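Keep the viewer open and follow along.

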Amino acid sequence: MKKIQRLLGGCLLVLIGAQFLMAQNYQVTGTVRDAREPLIGASVAIKGTSTGSITDLDGHFSLTVPANAIITVTYVGYLGQEFTINSDSTLQILLQEDRLDLGEVVVIGYGFVKKSDLTGSVSSIKSADFMNTAVSSIDQGIQGKAAGVVVSMSSGQPGAPSSIRIRGTHSINGNNEPLYVIDGVFIVPESNVGAVTGPSLNPLQSINPSDIESIEILKDASATAIYGTRGANGVIIVTTKRGKAGSHNIALDYNYSIQELRHKIPMLNARQLAELGNEATDNAGAPRRTIYASPVNLGVGTDWQDQIFRMAPMQSLQVSARGGNDNTNYSVSANLFQQEGIILNSDYQKGNFRLNLDQKLNERLTAGTSLNLNYGRLRGVVTDAEGAIPSSVTSWALIFNPGLPVYTSSGAFTFQNNTSQPSVGNPVADALLTQQVSTSKRLLGNVYLSAKLNDHLSLKTSIGTDAVITNEKAFIPNDIKRGQAANGQASLADQQGINWLWENTLNYNRTFHQHSIQAVLGHSMQAYHNDFLFTATSDFSDNRLGYNAIQVGADKTLIFNGNSGWQLQSFLGRINYSLKDKYLVTVSTRVDGSSKFGAGNKYGVFPSLALAWRLKEEAFLKDVDALSDLKLRAGFGIVGNEGIPPYSSLGLLETTEAYFGEKEIAKGSGPATRQNDDLKWETTKQFDLGLDIGFFNHRLSLVADVYYKKTSDLLLNAPVPYTSGFSSAFFNIGTMENHGFEFALNTVNTTGSVGWTTSFNMAFNRNKVLNLNSDEGIPAEPLLGITGWTVIRAGEPIGTFYGYQTDGIIQQNEDPGQVPYFNDYRPSQGDRKYVDQNGDGVLNELDIVPLGNANPDFSFGMNNSVAYKDLALSFFIQGVVGNELVNFNKFNLESFDGNQNNSTAALERWTPEHPGNTYPRANVAPRVNTLSDHQVESGSYLRLKDITLTYDFSSLVKARVDAISSLKVSVSGKNLVTLTKYTGYDPEVNRFVNNPIAFGADFGSYPTSKIYSVGLSLGF
């Protein structure tokens, strides 16, 4: 009996123990997501075991775990997290991206490698870095995001192009823009040229930023040498989104924005201008002008800036569908973008359609395509036009007499300014009545066929095209000031450029024992052909039909057409070798042959070598837990530049006319250009030394590079003696260097329910022209009658400004006769003084000195991303430091002559009662424009480029509507805060940004704007 009792008691204890143990098993459910969306297929597992689960299409998981179990949550490309479980739990897990995940794949030229195997200098930007913001083109998404990459805006005009410089300026007359490779298709420089008559269209606007998966920026020669003659300025590889097997989703994205002028330039009102005008004539001993009689009765008058600027809407709508199965992957998207400009009658619209398709034909063959269709339409107003007289509605609005109304008493536009001759026209009339429209149609894409020959060898052939058709129409009516002289003018321009590219590559990939080899061998053929037609007429008796009836113009002003083209053949190869995953070697070579160069110099060879050592994999560092990565990189390579016009090496003919007597004209052809059979590639040799280091499981990571670049055989359209019969010809003359240091720092500041990451980059670059074979240098074209305001000279950086140093104002206790003077002007008290550099008492070109430089000392960008549950905040700060700009607007805005309106600086002008030492006296007859350090201003700025707040309603909506997989709402602002000392509209706008000889000037430009946006993203 006792034995039975003991047996029953033991069974009871076992049951109680089992119940107790069962009570210690907990149910854990939750969702795994990143800052944007749920993560599908994330691993949720009990640490140290194989027990676990993966997240479903909505990021959900469910798992039973014992007491005190530690579960790990991991996902490729993200930092893992761990949680200790002591009760039934529902977790909302936010994973932060591992921006230096060593397993991440990085696209390089003609292939890809793991980030850990990179030997060159490459920056990678993901689509998430510029989503949910008002970004309309690739260049806007790149700005400030990569070290050593400086993006400068040429204009705030909607659809306007920008300039991108990777590690400095490398050429004078050659191309300085990087090579863009979009899904394997090259964007040729010819598609980046400006318009014939109207505003330029940005070729990068043809790619919808929402379609982009990643952007890789290849910066050093070891990374770009595979692109040979196009690699000197760096390479930007754009990869668009493709479908993925096992998923099907539809997305709708909408963004609405309001734009406004960032800030107005403070100007004189009607009374203040009249007082200035009267004082200017009094000081010169001239009679007062009747238009300035009784200033006290004039009041404030018209604010012409308010009349041309406006609040302007901008909106974007995109619909996309992506998905696939084991055999077919697809991605289809359509986008409509509309932007009104902040200046009257300016706007830009574009439509995009993209198809990416990959089809597995059988076990060995795969075919596919990437096609992008784009239509763009830009309506513009005249800005950024240089000359002796300002030709820009922004300049006219600033200098127009505020005492005049926009409309006369009869309801017609006020025709012209009344303060000076020659006068300028009514800016409102010019903006509203001028017709200026540019349209473009673009087909960009390729088709490919890939064959897997065996487990290690594959062959791919691809045929691509970039075909652009542009059309420009312009009409200036005869009833506005600008059309008065020609009695109206109309012009039409058509251009068709077709680029085709055929590439064949053989890829080898094999790993055996401790060795890994990736190799590519290829052949490429490319050709470009362009046709253009331009016609213009003037003298219109009727404005009503405008450019739609150009034949109405009685004077057939100009008609010309032509065509051009070039061809390029290339052979390329690269080997990536890895030993033990820690010793890395990359060797590449490209041989390019171009039709642009002389008979004996058509082919060039561009090799590179890069080495990397992953010290973290060495035994003496492998067990150092705090150190998660350490890699040294070194590379050397030679790249080229062939960015000159076709036929530059040939002696070309042009039509000419000869006159016999008074009426007889003989037409024929004569030599136009000098032949140069020795013309060859511009060559850049570059050395790069880099360090990649990470700490604490990559929560702190740094990528740093120091580099030196020397460009020789500069392609230069140099003057030649007139006795040769020509004015200029292309030669290989001179050398230039760029050297610098850059780094990118990424930190994961917090993880868990609140995630906070920071990325910061900074770059320093120094440029110098070493040799030009010319003592006089290369001057820019005169502006406002000023010659030599910038000159390229040996021993100085490109973009150096030259002029006179100021020395204050001549005060009442000074003798003007003892002040250095110009031969054409004797100064008086209240006039500006200039430094006599050589002490001869006379001011002339011998006293001109360098005043500044358009190149920044350094550029930087910093982005912070903070996420808490379904709320995410990001803010991006960007800027440049140490560059100067020539503010040519000051010559008009600080003329102090009463011949145009002035800025409020005129209120601080010198008078006997208020003898300041910064601004001179009023004078109706001052000396001609003199460039000095007063017009050269600091272009440094720090800007809150973007701030975005996003809330994810997905978890709330999916519980009620199964069909909706995600719903996010965002609000953002761009350019909200700018810290700068620059007195113009914007330090970022650079009038001649694409001209290495003349960049760094601000004159009548279209200003940039502040942008306030709200966005909606809906997924099904």
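N975 counts as buried at 7% relative accessibility, where buried means under 20% relative accessible area, exposed over 50%, and partly exposed in between (1.4 Å probe, protein chains only). You'll find N975 in strand 51, residues 966-980; strands (E, at least two residues) and helices (H or I, at least four) are DSSP runs, numbered from the N terminus. N975 also has a positive phi of about 60° although it is not a glycine. Most residues other than glycine have a negative phi. F696 is another non-glycine with a positive phi, about 55°, and F696 lies in the loop between strand 32 (682-695) and strand 33 (700-712).

A word on where this comes from: this is a predicted model, with local features needing pLDDT of at least 70 and side-chain atom pairs counting only at pLDDT 80 or more, while totals for chains, interfaces and linings use all residues. Residues are numbered from 1 along each chain as its sequence is written, and side-chain values use heavy atoms, with hydrogens and water left out.

Now zoom out. The chain has ten helices and 53 strands. With 1020 residues, a compact globule would have a radius of gyration near 31 Å, and the chain's 33 Å agrees with that; the radius is taken over C-alpha atoms, and the globule rule is 2.2 Å times the number of residues to the power 0.38. The C-alpha trace spans about 135 × 70 × 60 Å along its principal axes. Of the 1020 residues, 54% are buried. Contact means heavy atoms within 4.5 Å, and among contacts with a separation of 6 or more, 70% join residues 24 or more positions apart.

What about the inside? A nonpolar core here is a set of buried Ala, Val, Leu, Ile, Met, Phe, Trp, Tyr and Cys residues joined through side-chain atoms within 4.5 Å. The largest one has 31 residues, and those with the most contacts inside it are I172, W789, I792 and F888. Strand 34 (715-719) and strand 45 (849-853) are the elements that give two or more residues to this core. A second, separate core has 26 residues, including F309, L398, F400 and V428.

N499 sits in strand 24 and is buried, with a relative accessible area of 0%. Beyond its neighbours within four places in sequence, N499 is in contact with F186, V188, G464, T465, D466, Q526, A527 and Y528.

D479 is in the loop between strand 23 (457-476) and strand 24 (489-512), and at 46% relative accessibility D479 counts as partly exposed. Setting aside neighbours within four places, D479 is in contact with F415, L433 and N543. D479 and N543 are 64 residues apart along the chain, and their C-alpha atoms are separated by 8.4 Å.

Finally, A658, found in strand 30 (residues 653-660), counts as partly exposed at 33% relative accessibility. Apart from neighbours within four places in sequence, A658 is in contact with E664, I665 and A666. A658 and D592 are 66 residues apart along the chain, with 43 Å between their C-alpha atoms.
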